[in-house]
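Here is a short report for a reader new to this structure. Look over the sequence and the fold, then read on.

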Amino acid sequence: MNKILILEDDRKLNDGIRLALRREDCTFLQCQTIEEARELLKKEKVRLILLDLNLPDGNGLDFLQEIRAKSAVPVIIITANNMETDIVMGLELGANDYITKPFSLMVLRARAGVQLRQQDMSGQTLYQEGPFSFDFQRLVFQVRGREVEFSKTEQRLLRKLLENKGATLKRTYLIDEVWSGDTEFVDEHALTVAIKRLRDKIEEDSKNPRYIKTVYGIGYTWAAQ
């Protein structure tokens, strides 16, 4: 069962979000203050947090940092703060997505679904979608029916992007994850080169990528199709 925590002080919007996301495999923990959410997170294991920023007992960004110090649970920020600097800060502090008010409940439902599916995929060794068949256990990779070879670094990078499909991954995060233990000898140029090599092998037009997208100033994402 997917437990989703909604931290939103507007009671009507809180209920509206719950109704929009309602499905058989989900239950909802609704709260209106950071303190309520903090107490629930001590007792409950949740798979997704929907987080407002302007709350009666504090700033949601501060609470996001508190969450990230203990957990990697996906967090979608939902807020009226729509300045570019606010969005960048939210993502840099560890949010998986950022939605500004007013927003479509259908869009929210789709983005929440992306975060839940990403967790379901984590640990899988076979990825098949569209023109791709990537078997990370047998190390057999096909693109549009043609077998391709990936270096170990490219495999780790590709898998990390696929496991977080639709989410923006910061450059620093990818470097830490892909070159684990060797990061003091790795600079961002190594990541840029690895991304280019992956695009050359995956994209039909590597200069206009459809799948591995650059999110300028932040990092990269495997774009949901």
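## Terms and model

Two strands pair if DSSP finds at least two bridges between them. Helices (H or I, at least four residues) and strands (E, at least two) are DSSP runs, numbered from the N terminus.

This is a predicted model, in which local features need pLDDT of at least 70, side-chain atom pairs count only at pLDDT 80 or more, and totals for chains, interfaces and linings use all residues. Residues are numbered from 1 along each chain as its sequence is written, and side-chain values use heavy atoms, with hydrogens and water left out.

## The parallel sheet

Five strands form an open sheet: the 5 strands run in the order S2-S1-S3-S6-S7, with parallel pairing. Strand S2 (26-31) and strand S7 (97-100) are the edges; each has a single partner strand, so one side of each lacks a neighbour in the sheet. From one strand to the next, the twist averages 20 degrees. Angles run from 0 to 180 degrees between N-to-C directions, and axes are lines fitted to C-alpha atoms, for helices over the stretch in contact.

Strand S1 (residues 2-7) pairs with S2 in the parallel sense over 6 bridges. Isoleucine 4 has phenylalanine 28 in S2 as its bridge partner. Helix H1 (residues 11-21) lies across S1, S2, strand S3 (48-51) and strand S6 (75-79), at about 175 degrees to S2. Contact here means heavy atoms within 4.5 Å.

## A cis peptide bond

Between lysine 101 and proline 102 the peptide bond is cis, with omega near -10 degrees. Proline 102 sits in the loop between S7 and helix H5 (105-121). Most residues other than glycine have a negative phi, and most peptide bonds are trans.

## A hairpin and a nonpolar core

Strand S8 (residues 126-129) pairs with strand S9 (residues 132-135) in the antiparallel sense, over 4 bridges. Glutamate 129 stands opposite phenylalanine 132 in S9. The hairpin has 2 residues between its strands, and glycine 130 there takes a positive phi near 55 degrees.

A nonpolar core is a set of buried Ala, Val, Leu, Ile, Met, Phe, Trp, Tyr and Cys residues joined through side-chain atoms within 4.5 Å. Buried means under 20% relative accessible area, exposed over 50%, and partly exposed in between (1.4 Å probe, protein chains only). The largest such core has 26 residues, and Phe134, Leu157, Leu158, Leu161, Ile202 and Trp222 have the most contacts inside it. Elements giving two or more residues to this core include S9, helix H6 (152-163), helix H7 (171-178) and helix H8 (188-202). H8 gives the largest share, 5 residues. A second, separate core has 21 residues, among them Leu5, Val46, Leu61 and Val75.

## Two crossing helices

The axes of H7 and H8 come within 10 Å and cross at roughly 85 degrees. H7 is therefore roughly perpendicular to H8, a label for angles of 65 to 115 degrees; under 35 counts as roughly parallel, over 145 as roughly antiparallel, and the rest as oblique. Arg171, Leu174 and Ile175 in H7 meet Glu188, Leu191 and Thr192 in H8.

Arginine 144 has a positive phi, near 55 degrees, though not a glycine. Its place is the loop between S10 and strand S11 (146-148). Arginine 144 is partly exposed, at 36% relative accessibility.

Glutamate 147 belongs to strand S11. Is glutamate 147 buried or exposed? Glutamate 147 is exposed, with a relative accessible area of 55%. Beyond residues up to four places away in sequence, glutamate 147 touches Val140, Phe141 and Gln142.
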